[in-house]
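Student: I've got a new structure open and I'd like to learn how to read it. Could you walk me through it?

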There are 2 protein chains.
Amino acid sequence: MARTGRPRAFDKDQALERALLLFWSRGYGATSVQDLVDALALERGSLYGAFGDKRHFYLAAVQLYWDTYERRLVTALEDGPVLPALREVLANPARAQEYASDVGVPQGCMIGNTTAELVPQDADAREVVARSHARFTQIVADALRRAQADGEVTQDATPEAQAQLLLFTVQGLSLVSRAGLDTATALAAVDALIDALRA
Amino acid sequence: MARTGRPRAFDKDQALERALLLFWSRGYGATSVQDLVDALALERGSLYGAFGDKRHFYLAAVQLYWDTYERRLVTALEDGPVLPALREVLANPARAQEYASDVGVPQGCMIGNTTAELVPQDADAREVVARSHARFTQIVADALRRAQADGEVTQDATPEAQAQLLLFTVQGLSLVSRAGLDTATALAAVDALIDALRA
DNA sequence: CGGGATTTTGTGCGTCCGGTCAAAAAGTCG
DNA sequence: CGACTTTTTGACCGGACGCACAAAATCCCG
């Protein structure tokens, strides 16, 4: 790799993070290239040079979102009882508040948003989303398998089926929450599910 | 109301149904007015004259979608054991195949799609979606209350919490299914949930 | 210090978008 | 039959979109 040439005047990672916030809060279609140019304080050409076109930029942001989420998920489940950790994962699906900023509070799970908006017509998006789903279920199923062996979780269903159910629930919760929901009822629903998983 | 004037040359209800299919399969943003004009075989001005702008047209289509869905939901739950009916509701969230046509197979639940794409920036869409959620949970909770009294469903959680959990699951399932999912695992997850609700 | 490589900057392009409008057509009713 | 009302038709608008490009700027390396 050539190490010569004019150096980039902006931090690529930071730009991607800011773009993630914009894309997350507004969605793909509703975020124009001009919006990105304004929010990232760089010129049109620089953006295209660094990230390719808008679609690739978005997909890179989604990948960053998932990588961050996966890291937290693994950490949350790596030791201790599984059910309380899963309860947290469900109750706080996207940990949205940690990303809140002046560009508007992101809402819902970005994987879910991408599923709804891009997947039907974009094979690349479909792959990113499908991979994220697969990793989620795999990580959760592994944890549930341990927990079943420990007697913490019921063996009435396979860990795979339970993990799939948790994926549905977390995606549904993230989605429904965008339209506003009663927190108490939502938490009661989460508790009902967690209780049902208990051995 | 004046009963005079040139009569409309197309069936308004049928046009709305076709528009529903288009919007359902492609989403709001990805469906252009031109797409609608082509698919509905009418002129631009006629469309605007009959339905107002694109946004109102879409919202009318969503309302039609929900009305249809609600009718089926009520029918499915009105008598007989509740859990098998709920299992069907979950396993076949949007009864997509009945609407399949040449314009492309619709995917996912249109309420969910609307939630993801429009709700954050459209108060009217938010209201339609929130109302649909409320009606779903109310209808399902009523059925679960009966089933709890009959000893069919566990009383470990309130009917409201159980209904909310079912809303999350059906929305999540519809969404995740757009990215493709393994049918067997998905059905196992549904069964796990239904079993957990059993008394 | 100079040549090559790379990024920045700003402008410009073609396209498609949602939406409007005026005139013609097709009915109803007195 | 003629005035009135509504819909149809098809052209048209301004604007935003994604994207490309050429020239200037900046840094590395010899």
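Tutor: Let's go feature by feature, starting with how the model was made and labelled. This is a predicted model, where local features need pLDDT of at least 70, side-chain atom pairs count only at pLDDT 80 or more, and totals for chains, interfaces and linings use all residues. Residues are numbered from 1 along each chain as its sequence is written, while chains are lettered from A and ligands numbered from 1 in the order in which they are written.

Student: What is the average pLDDT of chain A?

Tutor: First the idea: pLDDT is the predictor's confidence in each residue, from 0 to 100. Chain A averages 87, and 90% of its residues score at least 70.

Student: What does the UniProt annotation say about chain A?

Tutor: A word of caution: UniProt positions are given in the numbering used here, feature names are shortened, and annotations may be inferred rather than shown by experiment. The unreviewed UniProt entry marks residues 32–51 of chain A as "DNA-binding region". In the model, that span is 80% helix and 0% strand, and its end C-alpha atoms lie 15 Å apart.

Student: Where does A:Ala41 lie, and what is its phi?

Tutor: Here's the background: most residues other than glycine have a negative phi. A:Ala41 has a positive phi of about 55° although it is not a glycine. Its place is the loop between α2 (33–40) and α3 of chain A. In chain B, B:Ala41 also has a positive phi, near 55°, and lies in the loop between α2 (33–40) and α3 (44–51) of that chain.

Student: Is A:Ala41 buried or exposed?

Tutor: We count neighbours: a residue is buried if 20 or more other C-beta atoms lie within 10 Å of its own, exposed if 12 or fewer, and partly exposed in between, with C-beta atoms placed from the backbone. A:Ala41 is exposed because it has 9 other C-beta atoms within 10 Å. For the chain overall, buried residues make up 43% of the 199 residues in chain A.

Student: How many residues of chain A are in contact with chain B?

Tutor: Two residues are in contact if their C-beta atoms, placed from the backbone, lie within 7 Å. By that rule, 45 residues of chain A are in contact with 45 residues of chain B. On the chain A side, α6 (110–117), α7 (123–149), α8 (159–178) and α9 (183–197) each supply at least two residues. Helix α8(A) gives the most, with 15 residues.

Student: Which residues of chain B does A:Leu165 touch?

Tutor: A:Leu165 lies in helix α8 of chain A. Not counting residues up to four places away in sequence, A:Leu165 touches B:Ala189, B:Ala192 and B:Leu193. A:Leu165 counts as buried because it has 29 C-beta neighbours inside 10 Å.

Student: How many residues of helix α7 (residues 110–117) of chain B are buried?

Tutor: Eight of its eight residues are buried. Among them are B:Met110, B:Ile111 and B:Glu117. What covers the buried residues of α7(B) includes α6 and α8 of chain A, together with α1 (12–26), α4 (54–77), α8 (123–149) and α9 (159–178) of chain B.

Student: What is B:Leu83 in contact with?

Tutor: B:Leu83 sits in helix α5 (residues 82–91) of chain B. Leaving aside neighbours within four places in sequence, B:Leu83 is in contact with B:Glu152, B:Val153, B:Ile194, B:Leu197 and B:Arg198. B:Leu83 counts as partly exposed, with 18 C-beta neighbours inside 10 Å.

How values were computed: Helix = DSSP H or I, 4+ residues; strand = E, 2+ residues; numbered from the N terminus.
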